[in-house]
Amino acid sequence: MKPAVFLFCLMALSVGGCSWIPRAGPSTSDVLEQGRAGGEILFDVVPVDDRVVNTLIAQPKERFALRFKKDVQPPEVKIAIGDTVSVMIWESAAGGLFSEMPPAPARTGGRSGIEPLAPESRPEGEFGTPRRPTETGRPQEEYRPSAGEPFSTEAIGAAGGRRSATIPDQEVGADGAISVPYAGRVPAAGRLPAEVQQAIEARLAEKALGPQALVIVKKSAVNAVTVLLTESGQVSSVGFGETSIENLVSDLSNPVRAPPALATGAGVSPNPIQAAPAAGRRVPLSPGGDRLLQIIAAAGGAKAPVHETFVRLSRDGTTATIPLEQLVADPAEDLYAQPGDVITLVRTPQTFSVFGATGRNAQIAFDARNITLGEALAKSQGLRDDLAKPEGVFLFRYEPASVLQALDQPVAGGARGGVTPVVYRFDLRDGKTFALAQEFPVHDKDVIFVADAPAAQVYKFFAALNQVTGPIVTGLLTCHYVKC
């Protein structure tokens, strides 16, 4: 065969062979052409410039401070039905409804009946009478319980008779009231402890001797926050009062601030991926108010890396989710917890995928909360200079319709669920695009694709042809020189 004919056949094969040569994905022209089919928009191709980057950066993010704007103050922890309440009642003098008479004075031999005591013979320390000097010459002091010593009836009895009574712990009934001797059923649900104290004192004012009451809430299932620790996608939307949360370990049986199971790590695997699907605790609220981070810390804190942990707050039928790092960095997001809140710590590993003419095709995990396109390409070992087309770098993503409107782009006809497919195109032949790539944010589950250069297909063809013709040419040359 003449050399000219052989060269012509080889060029024809090279041109026609590009269609069947394997490649990693569509070419640049394919991506641009396939965005529309039959006059319908399948996806938008948006060239990236300064306006596009600034628009994406300016998009509002989910914020607790905006979603729960009315709950910026600590809540009033009121008594609720089912709470366990303790009531103590004091009287100003002994011998009343809730106090005992002081012991009777010893009788002297020459007196009969009951006679008033002289001032010098009254019990020491009683009603302002002077105390007798002790052996040291100092007057005897009245007994007072020391700080931290339990307040007991025996201690008061040492001062001349018991003047208080403690009513056994009781739960607030279905009618929202508690029982107090000589006062009947006192409404308690929906009231502050101080308001219940005043109601008890008012009912006993004409029956007891200057009564004063103290109401203490020992345990409350309503004035608490439920904290869940879970993996991504294993807990559905929950609201206050629902019982559909599975695998909840148990409610707190005692009003402690730090549940032992989570504080010590008992029952929780050190590896969050191998942990139970969901585990949680109820954390009671303190009267002064607790912020979200305080509640999370009391429940044991997050076990996963901060950049992989998201905080989901469900309150009064409204649910919002923000990154834990955002909650830590922005004090305005650290709201006061409200009774009945459900806080879910969700571990969601953030990843992006890279395909095409790069040094590494893989699914790559985020190692920080925010990653730019420049960092993403660096993690994939950059573009291959022997295959990549610099103006054919694409990022595939689903965007909300509001973002398309801000970019003045039409919404794709097949958009579903309020999101539409978008392809952002980068021309890395322009040096300014590298600066934009360092600002362009990469989101979770983004797909980055780098198209092959046209010459790469010819190179692949000749490389494949060499695999076939190389042994034949080598054999012919060998036979020629050794005279087969």
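Tutor: Two strands pair if DSSP finds at least two bridges between them, and a strand is a DSSP run of E at least two residues long, numbered, like helices (H or I, at least four residues), from the N terminus. This is a predicted model, where local features need pLDDT of at least 70 and side-chain atom pairs count only at pLDDT 80 or more, while totals for chains, interfaces and linings use all residues. Numbering starts from 1 along each chain as its sequence is written, and side-chain values use heavy atoms, leaving out hydrogens and water.

Student: Why is β14 called largely enclosed?

Tutor: Check burial, where buried means under 20% relative accessible area, exposed over 50% and partly exposed in between (1.4 Å probe, protein chains only). Of the 6 residues in β14, 5 are buried, so the rest of the structure largely encloses this strand.

Student: Pro323 next. Is Pro323 buried or exposed, and how do you know?

Tutor: Its relative accessible area is 16%, so Pro323 is buried. You'll find Pro323 in strand β12 (residues 318-323).

Student: What does Pro323 touch, leaving out residues up to four places away in sequence?

Tutor: Thr309, Phe310 and Arg369; a contact means heavy atoms within 4.5 Å. As for Leu345, 22 residues away along the chain, its C-alpha atom is 9.5 Å from that of Pro323.

Student: What makes a set of residues a nonpolar core?

Tutor: They must be buried Ala, Val, Leu, Ile, Met, Phe, Trp, Tyr or Cys, joined through side-chain atoms within 4.5 Å. The largest one here has 31 residues, and Phe352, Leu373, Leu395, Tyr424, Phe426, Phe440 and Ile448 have the most contacts inside it. Elements giving this core at least two residues each include β14, α10 (373-379), β17 and β20.

Student: Which residues does Leu373 contact, leaving aside neighbours within four places in sequence?

Tutor: Leu395, Phe426, Ala437, Phe440, Val442 and Ile448.
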